[in-house]
Amino acid sequence: MRTYLFVACAIACLTTPVAAHHSFAAEFDITKPVTLTGKVTKIEWTNPHAYLFVDVTDAQTGAVTNWEIEMGSPNGLTRLGWTRNMVKAGDMVTIEGSLGRNKPTLANARSVVMTATGKKLGAASSEATQ
Amino acid sequence: MRSAIAGSLVVFAAVAAFAQTSRGTLAGTVRLRDAAVPAVTVEVKNTSTNAVLTATSDKSGRFKLTDLPEGVYEITVPPLGIAADRFDQKDVAIKAGQTTTLEITLKQGNLGVLGDDNGYIAIHNNSQDIRGPAPRTRDGHPDLSGVWNINVDPHPVPASLLPWAQGVMKERVETNFRDQPAGLCLPDDPTPTLPLLRKFVHTPKLLVQLFEQEPHYRQIFLDGREHPNDADPTWMGHSVGRWEKDTLIVDTAGFNDRSWVLFAEGLPHTDKLHMIERYRRPDLGHLLVDLTLDDSATFARPIERHMTWQLAPKDDVLESICTENNKYQRNAGIK
């Protein structure tokens, strides 16, 4: 039950969803990109999706919101070079993704960057073939 | 001479040493994110003659086509699994005596969600340089065993649906395909078209396919049995196979009508669905898979898909228990 949206077209698919393994478009709104920086509080290394929970502090009010970030499956992440211990509670990360449709503090991750090192996670495997 | 085309493609043309020729050259590199992608087919179509030539990227992602007649071309790279969408570039000029260079950056598929491409390109890149003849089983037939990285049909012909099925598809599109069975951890698609890993365990009397989605296995009986009469309809149907020379022909019937067939399309069907798969292993590293779906109560004509799968000897299917932590219903707003 992973999220697979096969985009067989370029621009049209922004408005026309296509089926895949199950629907990304039913869960997330690609027209609402988000960038979140904060401290990891929990990791769920589970199927069908792994999740990061991240405390994000509002720069103006100081209010802290715990965001839930969906990624692929542990199997998929492993094949991209992740391990279950790569990100720990307390690590600072920056996430880019799309906003969830049905929970205001839910997003998915197109990229996860470790603040301390600048390392972009999940890109290692393909780039390692260079 | 230098020109730029909007998007991820930039065209550079340089005057070559042999300017007297009436032919030109196309060369470049195929990349995804920051990585070169080997073994990618680049299709080059002459817009005047409709002639199509192909090149394959090398280990460094480079490709080259020489001796092209001067003219205007369309460049296409078919999609790669879930990892990359189709790349199209029109109006690429090839000029006599010149080399036009295309730096092709593929667009990430599946909206680039981290991990959701299941490492397709990583597996693809790790599976190069596999050469040799196809192995054979004790009875002399090609042995289809192995872990296969499924790829999509590079040129699928759209399905032609009867009116009721068109109505179903309209509703599915309008609801963002929210109600796909996979969202509830049910089997989604009995066709072997989801571009992920699929492991074949092949004995002379039985072919077992293992995969990471529900129901995780499929049996294809090679012992001469026929489909049972009046069996309960099932998600995956009942499969029997027979050899026609070096081609394994698998016949599957007895489906229920609950699955959504064909990856990326999510088509409805009835319990009259009949699936034929033809498997050929021309060499060690490739499996050619031709698929025919027939359901005269749903499709105006049979649907065909033609795929080339790649052996992935460094990878394996892994455990994946969908119900472990499935939040799809909440995330998709299903009450």
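Predicted model: local features only at pLDDT ≥ 70, side-chain atom pairs only at ≥ 80, totals over all residues.
**Conventions.** I number residues from 1 along each chain as its sequence is written, and I letter chains from A and number ligands from 1 in the order in which they are written.

**Chain B overall.** I looked up the secondary structure and found three helices and 19 strands. Helices (H or I, at least four residues) and strands (E, at least two) are DSSP runs, numbered from the N terminus. The C-alpha trace spans about 70 × 55 × 40 Å along its principal axes.

Buried means under 20% relative accessible area, exposed over 50%, and partly exposed in between (1.4 Å probe, protein chains only). Of the contacts between residues at least 6 apart in sequence, 64% join residues at least 24 apart, a contact being heavy atoms within 4.5 Å.

I traced S17(B) (residues 274-283) and S18(B) (residues 286-294), which pair in the antiparallel sense over eight bridges. Two strands pair if DSSP finds at least two bridges between them. A hairpin through two residues joins S17(B) to S18(B), and Met275(B) stands opposite Leu293(B). S18(B) also runs antiparallel to S19(B) (residues 303-311), joined by eight bridges; here Leu291(B) has Arg305(B) as its bridge partner.

**Cis peptide bonds.** I found one between Asn47(A) and Pro48(A), with omega about 0 degrees. Pro48(A) lies in the loop between S1 (28-44) and S2 (51-57) of chain A. The bond from Glu214(B) to Pro215(B) is also cis, with omega near 0 degrees, and Pro215(B) sits in the loop between S13 (206-211) and S14 (217-221) of chain B.

**Positive phi.** In that loop between S13 and S14 of chain B I also found His216(B), a non-glycine with a positive phi of about 75 degrees. His216(B) is partly exposed, at 27% relative accessible area. Leu262(B), not a glycine, has a positive phi of about 75 degrees and lies in the loop between S16 (247-253) and S17 of chain B. Leu262(B) is buried, at 2%.

Notes:
Heavy atoms only, no water.
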